[in-house]
Amino acid sequence: MSVEKTKKLSNGSIIPRLGLGVWKAQDGEEAMNSVKWALEAGYRLIDTAEVYKNEVSVGEGIRMSGVPREEIFITTKLWNTDQGYESTLKAFDESLNKLGLDYVDLYLIHWPVKGKYKDSWRAMEEIYQSGRAKAIGVSNFHQHHLEDLLKDAQVVPVLDQIELHPRLTQEPLRAFLAENNIAVEAWSPLGQGNILEEPILVEIGKKYNKTPAQVIIRWHLQNDIIVIPKSVHQERIKQNIDVFDFELTDEDMEQINQLNKNERFGSNPEKFDF
Ligand code: A2P
């Protein structure tokens, strides 16, 4: 199964299917270099968030790379304490300022904060209409959160960014998102590095001369999942995008699916203490 490098979202935006995540990349040299190395290696999607506290360095990394802004897809996210109508408008302006950009390609509600996300979404819709976010979406929303949001939404979220990896395959939620034409994006796609020694991933990798990380990234891509592995090491950043020259068989895919244990490494949106 060949994989396209980009995907068209429901609003017509074109998103790269593989990008760099920068959660836990330290503000300063670390985040700046990761972004620069990624862009040099051919990445065109960078995923940050207000709460990562590295938007300034992400912006610097983009400018240092020399890659034209219009070729890059930048995502940032609204933090929980900024949710609400006015505070979302304000937080968005602050994120743009920190990034040193005049628009982002995608703005996401980071978590479904009870009683607040609908007001936040109204503000996001206005930001979208103004053209300063080319697309808007959500993160960590479960089916019931989306059903509730969609009751009042004027604009349907283009994607939902959720924790997703071979230990947490999220099949029911992915089916709901597919039915609603909401793209799936995986955070912690490598299980935060915790599953890279799984024997089956090592074994499958050997057949193709690929590492377990590359096998997992390819599994996401072949499942039509947008994937944003994080690394702050240049070699790994390069390695993680070197996944377009091999294909997993249906049997490989099934063996990887079998690793599912509904196990989270991050917070559960149902239990997250806002
Ligand atoms: P580092 O940033 O030190 O390279 P996830 O994207 O699922 O959150 O996983 C990120 C974790 O996996 C980080 O700890 C990162 O470490 C590590 N990692 C990323 N790419 C690779 C790779 N190709 N090989 C080994 N570890 C990796």
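Which element gives the largest share of the lining of the largest pocket? Helix α9 does, with three residues. The model is predicted; local features need pLDDT of at least 70, side-chain atom pairs count only at pLDDT 80 or more, and totals for chains, interfaces and linings use all residues. Residues are numbered from 1 along each chain as its sequence is written, and side-chain values use heavy atoms, without hydrogens or water.

The largest pocket holds about 680 Å³ of space. A pocket here is an open set of points on a 1 Å grid over the protein atoms alone, where a 1.4 Å probe fits, with protein on both sides within 12 Å along at least five of seven lines. Lining residues have an atom within 4 Å of a point. Volume is the space filled by probe spheres set on the points. The lining of the largest pocket comprises 35 residues, and Trp23, Ser188, Pro189, Gln192 and Lys230 are the closest to the centre. Two or more lining residues come from each of α8 (212-222) and α9 (234-241). By class, this lining has 16 nonpolar, 15 polar and four charged residues. Ala, Val, Leu, Ile, Met, Phe, Trp, Tyr, Cys and Pro count as nonpolar, Asp, Glu, Lys and Arg as charged, and the others, including Gly, as polar.

The second largest pocket contains about 190 Å³. Its lining has 15 residues, with Lys7, Ala178, Ile182, Ala183 and Asp224 nearest the centre. At least two residues each come from β1 (6-8), α6 (171-179) and β9 (183-187). Helix α6 supplies the largest share, three residues. Eight lining residues are nonpolar, three polar and four charged. Helices (H or I, at least four residues) and strands (E, at least two) are DSSP runs, numbered from the N terminus.

Helices α2 (residues 55-65) and α3 (residues 85-99) form a contact. Their axes come within 7 Å and cross at roughly 45°. That makes α2 oblique to α3, a class left over once angles under 35, over 145 and from 65 to 115 degrees are set aside. Axes are lines fitted to C-alpha atoms over the stretch in contact, with angles of 0 to 180 degrees between N-to-C directions. Glu55, Val56, Val58, Gly59 and Arg63 of α2 meet Ser95, Lys98 and Leu99 of α3, with heavy atoms within 4.5 Å. These contact residues divide into three nonpolar, two polar and three charged.

An unreviewed UniProt entry annotates residues 18-260 as "domain: NADP-dependent oxidoreductase". Such annotations may be inferred rather than shown by experiment. The span is 45% helix and 13% strand, and its end C-alpha atoms lie 22 Å apart.
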